[in-house]
Amino acid sequence: MTSPQNVYHTINRTRQKGRSYVSQIALITGASGQDGWYLTDWLIGQGYEVHGLIPCRAPGSGDARLRLHYGDLSDGSNLIQLLDEIQPDEVYNLAAQSYVGLSFELPVYTGDVTGLGALRLLEAVRLHMKRTGRFVKFYQASSSEMFGKVEESPQNERTPFHPRSPYACAKIYAHLQTMNYREAYGMFACSGILFNHESPRRGENFVTRKITRAAGRIKVGLQERLSLGNLDASRDWGFAGDYVRAMWLMLQHDKPDDYVIGTGETHSIREFLDEVFSYLELDWHDYVDVDPKYFRPAEVDIVCADASKAKRVLKWEPTISFRELARMMADHDLELAQRDLRLGK
Ligand code: NDP
């Protein structure tokens, strides 16, 4: 698999001769996603050289801060070669078919990318380390969806999993394989069991972003109605920028381990609507329709993180409140709607 950026090869060759001038090298899969964007930002701020894996279906799409490589977690054949080329110190596996609702329609694809994809990458890292004698740390993006029909509340690292979607089943598979590679091969492999985290970079099909995008467009007169599913669904919502810092902290600790990351506060979609629409001086009851087609076949219970282990061991704390998050997203999407209006979209 060749890099889309020729300049990378030159840099890489230089590094192989005298690697010491590069402090740390990270590879992020899912680099074009929300977390990929914030993690890139964080790692560059820490002085890293950052490489991103992007799927073949996004040729030409670029993030100038990154050295980009085409690759797909459903195809393991290029991963080892890529690791040999990049020689990363840290690998962050953020790539996934990450839409829970869509996973009911694409269960096998979701299992392949989100579940087996992580195994392909773990195995590639293991083989790369064995052959080169290098030491590589691995981060797996696990999810609070794994708790699903929760067996206790709040949820911590010892709470049993009870998945409620093909996505959650795939994430559990990846999570257990990460644990297995840590225990069987002594790999420095960590999983962050992250609760929902949002930002202005959240995909527009996710409910929070769907709401802020619609609210902005309603405010400027570009949209009249918004259709949503279960307004009582509740989540522990935090800010993506805070959560990527937790990923990095896990890999800087002496010992690899798994950590729950969340705010410890639960809010419903109804509350998110309240925050966003009232901030924009609108009443959401005038605009929102509930459409059963958006209900999931199986809904997760009210989830709430007990992140005390991450707070104690990693000294991690969230910095952005639910209200600040809703307003940050509303501000961003109001600006976007004003631009849409100017462009006549
Ligand atoms: P996104 O959906 O924004 O990003 C997913 C990324 O994976 C995208 O860059 C996507 O590329 C890439 N991708 C999809 N399929 C493949 C594939 N077959 N091979 C390689 N790359 C692929 O997710 P987030 O950034 O929000 O989340 C990052 C990770 O954390 C995901 O694994 C997600 O499941 C997990 N997670 C997220 C939570 C959240 O609240 N955000 C909570 C808990 C876990 P493209 O854009 O081209 O499709």
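1. In strand β2, Gly52 is the bridge partner of Ile28. β2 covers residues 48-54 and runs parallel to β1, with six bridges joining the two. Two strands count as paired if DSSP finds at least two bridges between them. A note on the model before you go on: it is predicted, so local features need pLDDT of at least 70 and side-chain atom pairs pLDDT 80 or more, while totals for chains, interfaces and linings use all residues. Residues are numbered from 1 along each chain as its sequence is written, and side-chain values use heavy atoms, leaving out hydrogens and water.

2. Five of the six residues of β1 (residues 24-29) are buried, so the strand is largely enclosed by the rest of the structure. Buried means under 20% relative accessible area, exposed means over 50%, and partly exposed is in between (1.4 Å probe, protein chains only).

3. Now the ligand. It is surrounded by 25 residues, the closest being Ser32, Asp35, Asp72, Ser98 and Tyr167; a residue is near if one of its heavy atoms lies within 4 Å. A side-chain N or O atom of Asp72 is 2.7 Å from a nitrogen atom of the ligand. Polar side-chain atoms also lie by ligand oxygen atoms, at 2.5 Å for Ser98 and at 2.6 Å for Tyr167. The protein covers 89% of the 900 Å² of accessible area that the ligand has on its own, by the Shrake-Rupley method with a 1.4 Å probe. The elements giving two or more residues to the shell are α2, α5 (107-132), β5 and α6, and β5 gives the largest share, three residues.

4. Have a look at Arg209 too, in helix α7 (residues 207-219). At 5% relative accessibility, Arg209 counts as buried. Its side chain reaches two backbone oxygens, that of Arg202 at 2.8 Å and that of Pro200 at 3.2 Å. A polar contact is a pair of N or O atoms within 3.5 Å; within protein, one must be able to donate a hydrogen and the other to accept it, and residues adjacent in sequence count only if both atoms are side-chain atoms. Beyond four places in sequence, the residues in contact with Arg209 (heavy atoms within 4.5 Å) include Glu204, Met329, His332 and Asp333.

5. Finally, some backbone geometry to check. Most residues other than glycine have a negative phi, and most peptide bonds are trans. Gln87, in the loop between α3 (79-86) and β4, has phi near 50° and is buried at 16%. Glu281 has a positive phi of about 60° and sits in the loop between α9 (269-279) and β13 (288-290), where Glu281 counts as exposed at 69%. The peptide bond from Ser153 to Pro154 is cis, with omega near -5°; Pro154 lies in the loop between β5 (137-143) and α6 (166-185).

Methods
Helices (H or I, at least four residues) and strands (E, at least two) are DSSP runs, numbered from the N terminus.
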